[in-house]
Amino acid sequence: MNTLILVIIGIVVAPLVGGLIAGLDRRITAWFQSRQGPPIMQAFYDVAKLLGKEKMVVNQWQILCAWVYLIAAAVSVALFFAQGDLLLVFFVQAVGAVFLVMGAMAAKSPYSQVGAQRELMQILAYEPVLILVFVGFFLVTGSFSIEAVWQLDQPLIAKMPLLYLALGYALTIKLRKSPFDFSTSHHGHQELVKGVLTEYSGPYLALVEIAHWYETVLVLGLCALFWSTNVAWMAVLLIGTYLLEILVDNTMARMTWRWMLKRVWLLGMGMSVVNLIWLYAG
Amino acid sequence: MFGSFIKKSRAKSPWIMHFDCGSCNGCDIEVLACLTPLYDVERFGIINVGNPKHADVLLVTGTVNHRNKKVLKNIYDQMPEPKAVIAIGACGNTGGVFRDAYNVVGGVDKVIPVDVYVPGCPAKPEAIIDGVVAGLAKFAEKVEDAG
Ligand code: SF4
């Protein structure tokens, strides 16, 4: 019964939180540029407007892919809230990510194609890091279940600080923020005209946007697990991490995918492996 | 209830797309000036997108000529309904100083329906923002009429 309530909370509350975070993000970004910025509810206005627009698709695949992306993101958040298995969460969100790419590949437009290729590169960069982080969870708690994390009496971050930094890379890529925003440029008038999202329009773009909110909450939820023993510190950790994300986003230019692979694989996976060895030996 | 939220959101989140039909660049630079911190149109939820499939409002600057009228029509057709078109500057409205040239068709309304005309040579950023706001009111009406 409890699990069911948690699942419902996950499915309903997560997108609301994700949307608010997106709105706050734009406010803070505007503040960095000494502008005023849009209202905090802006993300919801955008999505509501998109939902009310004409349904235009290049082909039927896009409809399916947008829906699968959304459903996979929602299911992974639901599993996360239900204290499920981390590996299951991981695989479900990976399915969603792949379907987004497939939807973009289904259209012939070069922007969408290039965006899809770059998105694949991004997936290739962050998925191994995520898996290594989950391995870290396993080494500390002895199980892949989230429930085991709550039973710890010492926060995970004390045992896996380097893995947390590596997860930061995955977070930046997953949120598609600079310097890793090359599959969907932040601003639509740049060289890619929104990359993977180019051919999604109207209600389907809205679905993709909602799925993105779910994913934001999912990755932030993973970060939250690192300080599971104290709610106040968990909040500090999350807010600090997200502010740092925005700062990095605003101070970095977009890089190439080669740079990303080098950085994330060498540094991110290097740090993860060092941390894993330390956990294993210690 | 959700329907009325969608209707309200339309006016709060106009994504604009800017198409230059052979302007002298005077009007374009003013359109882009709207996005700078001084005018900060993002306050109103306006985003400058580069993709007609994401856009709600099409801002057209410059005179339409025989070569780019097809492009203009094509871009207009790719925008999902509801949409609005705003012609900017003397050139966008009527053809401006170039209206007598042999290759010029005239204003934007010769090719696609225009909702709002923003005068000026170049149009001021304030006038452009006003134009977008007026355009939103227009398309709210259009949606109302269509039911
Ligand atoms: S209206 Fe004036 S400033 Fe604008 S494009 Fe025409 S000539 Fe240039």
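## Basis

In this predicted model, local features need pLDDT of at least 70 and side-chain atom pairs count only at pLDDT 80 or more, while totals for chains, interfaces and linings use all residues. Residues are numbered from 1 along each chain as its sequence is written, chains are lettered from A and ligands numbered from 1 in the order in which they are written, and side-chain values use heavy atoms, with hydrogens and water left out.

Helices (H or I, at least four residues) and strands (E, at least two) are DSSP runs, numbered from the N terminus.

## Helix 9 of chain A and its partners

Helix 3 (residues 60–81) and helix 9 of chain A have axes that come within 9 Å and cross at roughly 25°. Axes here are lines fitted to C-alpha atoms, for helices over the stretch in contact, and angles run from 0 to 180 degrees between N-to-C directions. Helix 3 and helix 9 of chain A are therefore roughly parallel; angles under 35 degrees count as roughly parallel, over 145 as roughly antiparallel, 65 to 115 as roughly perpendicular and the rest as oblique. The crossing of helix 3 and helix 9 of chain A is left-handed, a term for a near helix turned anticlockwise from the far one by less than a right angle, with right-handed used if clockwise. Residues in contact (heavy atoms within 4.5 Å) include W67(A), L70(A) and F81(A) of helix 3 of chain A and Y204(A), Y214(A) and L222(A) of helix 9 of chain A. By class, this contact of helix 3 with helix 9 of chain A has 19 nonpolar, 2 polar and 1 charged residues. Ala, Val, Leu, Ile, Met, Phe, Trp, Tyr, Cys and Pro count as nonpolar, Asp, Glu, Lys and Arg as charged, and the others, Gly among them, as polar.

Helix 4 (residues 86–105) of chain A and helix 9 (residues 202–224) of chain A have axes that come within 12 Å and cross at roughly 150°. That angle makes helix 4 of chain A roughly antiparallel to helix 9 of chain A. The contact is made by L86(A), V89(A), Q93(A) and L100(A) of helix 4 of chain A with V208(A), E215(A), L218(A) and L222(A) of helix 9 of chain A. These residues of helix 4 and helix 9 of chain A divide into 6 nonpolar, 1 polar and 1 charged. The crossing of helix 4 and helix 9 of chain A is left-handed.

Helix 4 and helix 5 of chain A pack at about 175°, with their axes 9 Å apart. Helix 4 and helix 5 of chain A are therefore roughly antiparallel. The residues of their contact divide into 18 nonpolar, 4 polar and 2 charged.

E119(A) is in helix 5 (residues 110–141) of chain A. With a relative accessible area of 3%, E119(A) is buried; buried means under 20% relative accessible area, exposed over 50%, partly exposed in between (1.4 Å probe, protein chains only). The side chains of E119(A) and R176(A) make a polar contact of 3.1 Å. A polar contact is a pair of N or O atoms within 3.5 Å; within protein, one must be able to donate a hydrogen and the other to accept it, and residues adjacent in sequence count only if both atoms are side-chain atoms. Not counting residues up to four places away in sequence, E119(A) touches L100(A), V101(A), R176(A), S183(A) and V196(A).

In helix 2 of chain A, 9 of the 10 residues are buried, D46(A) and K49(A) among them. The cover of these buried residues includes helix 1 and helix 9 of chain A, together with helix 1 (2–12), strand 1 (15–20) and strand 2 (47–49) of chain B. S13(B), in the loop between helix 1 and strand 1 of chain B, counts as buried at 0% relative accessibility. A polar contact of 2.6 Å joins the side chains of S13(B) and D46(A).

R35(A) lies in the loop between helix 1 (2–32) and helix 2 (42–51) of chain A and is buried at 15% relative accessibility. The side chains of R35(A) and D40(B) are joined by a polar contact of 3.0 Å.

## Backbone features in loops

The peptide bond joining C121(B) and P122(B) is cis, with omega about -5°. P122(B) lies in the loop between strand 7 and helix 5 (125–146) of chain B.

Phi of Q83(A) is near 60°, a positive value in a residue other than glycine; Q83(A) is in the loop between helix 3 and helix 4 of chain A. Phi of N25(B), likewise positive in a residue other than glycine, is near 85°. N25(B) is partly exposed, with a relative accessible area of 43%.
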